Amino acid sequence: GAQYGLQRYASSVLDRTLVAMRGWADIAVGKQYFWLWGVAEIYDVSITPRNGVDRQYGLPPGYSIAIRHLYLHNLRLGWNGGPALRFADVDIRGLRLRLPEWRWAITVARDAKGKRLYAPTLRSMGFSALSFDLDMRVRFPHAYSRPDIDLTSRAKSLGKLHLNCALDVPRSAIRNPSRIAVRRCQVDYQDLGLVRRFEAQMAQDNHLSVTALRSAISAQIGRDAERVRWPPLNTQAVQEFIREPDRTLRLKMTPTRPLPLSRMTHGTWRGLPAYLGLTAQAPLTPE
């Protein structure tokens, strides 16, 4: 009876949550199970952005994200004015992102003669979609409105990403996720083949050697960093990663005040690194 009651209650909460999210996405789920021992399993999730969210990120109409299996476990309760969740582990298996065919060319650098060097797209490199798994722990050290997220993602033969972020999540975020604000964020990226494939394709497309391409990109990073007044040590860290992509690159963002996603800039200006509190370092060696 308790198991049946939990399943009914949790399913109704999930259904209400999905309805509340319809302002920015249509989310459909397949099978869903909620167990008395503190485990939730959801299968066959489809997320379709809507109401301009897709256009904001250059996604084609009807674009959807697929998740084969979402597994919530290792729940730990504490006391914050009453029983409250302290942290939980979330495993996401079979996350699939289709890659749209972008129609515009991106200039990454210029060669010694000033000629534009265009970047290949993942599509042109032979990828139609990216599939990977995520392992995530969500902590609530203060309250549900200020979670700390620690996430690791690995795509075989491509790359490994580790992300740790502290966020501000107002109640209104369920209807408008752009109101989520970043308090701090750190990203470690270790290349497992994607950067080298990107370099090889770009060098071929632009009729350069990989060494010449790396020099051109490194020089462009130096020019851009000087234009936006980014401190030299940060610039050098990114340039080191370009020269030796087997090293792990670490980027940190520590804005002076919580920065809502709706205010994240898509352009550049001189004060951008300071606005984001952006730093970089590449002292790490591959695991």
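This is a predicted model: local features need pLDDT of at least 70, side-chain atom pairs count only at pLDDT 80 or more; totals for chains, interfaces and linings use all residues.
Residues are numbered from 1 along each chain as its sequence is written. Local features need pLDDT of at least 70, side-chain atom pairs count only at pLDDT 80 or more, totals for chains, interfaces and linings use all residues, and side-chain values use heavy atoms, without hydrogens and water.

Start with helix H3 (residues 194–205) and helix H4. Their axes come within 9 Å and cross at roughly 100 degrees. H3 is therefore roughly perpendicular to H4 (65 to 115 degrees). Arg196, Glu199, Ala200, Met202 and Ala203 of H3 meet Val210, Leu213, Arg214 and Ile217 of H4 (contact means heavy atoms within 4.5 Å). By class, this contact holds six nonpolar, no polar and three charged residues.

Move on to H4 (residues 210–227) and H5 (residues 232–243). These two pack at about 165 degrees, with axes 9 Å apart. That angle makes H4 roughly antiparallel to H5 (over 145 degrees). From H4, the contact uses Arg214, Ile217, Ser218, Ile221, Gly222 and Ala225. H5 supplies Thr235, Val238, Gln239, Ile242 and Arg243. Here the classes are five nonpolar, four polar and two charged residues.

Between H4 and H5 lies a loop that holds Arg229. Its phi is near 60 degrees, a positive value in a residue other than glycine. Arg229 is exposed, at 59% relative accessible area (exposed means over 50%, buried under 20%, partly exposed in between, with a 1.4 Å probe and protein chains only).

Ser157 sits in another setting, the loop between strand E9 (148–155) and strand E10 (159–168). Phi of Ser157 is positive too, near 65 degrees. Ser157 is partly exposed, with a relative accessible area of 44%.

How values were computed
Axes are lines fitted to C-alpha atoms, for helices over the stretch in contact, and angles run from 0 to 180 degrees between N-to-C directions. Helices (H or I, at least four residues) and strands (E, at least two) are DSSP runs, numbered from the N terminus. Angles under 35 degrees count as roughly parallel, over 145 as roughly antiparallel, 65 to 115 as roughly perpendicular and the rest as oblique. Ala, Val, Leu, Ile, Met, Phe, Trp, Tyr, Cys and Pro count as nonpolar, Asp, Glu, Lys and Arg as charged, and the others, Gly among them, as polar.
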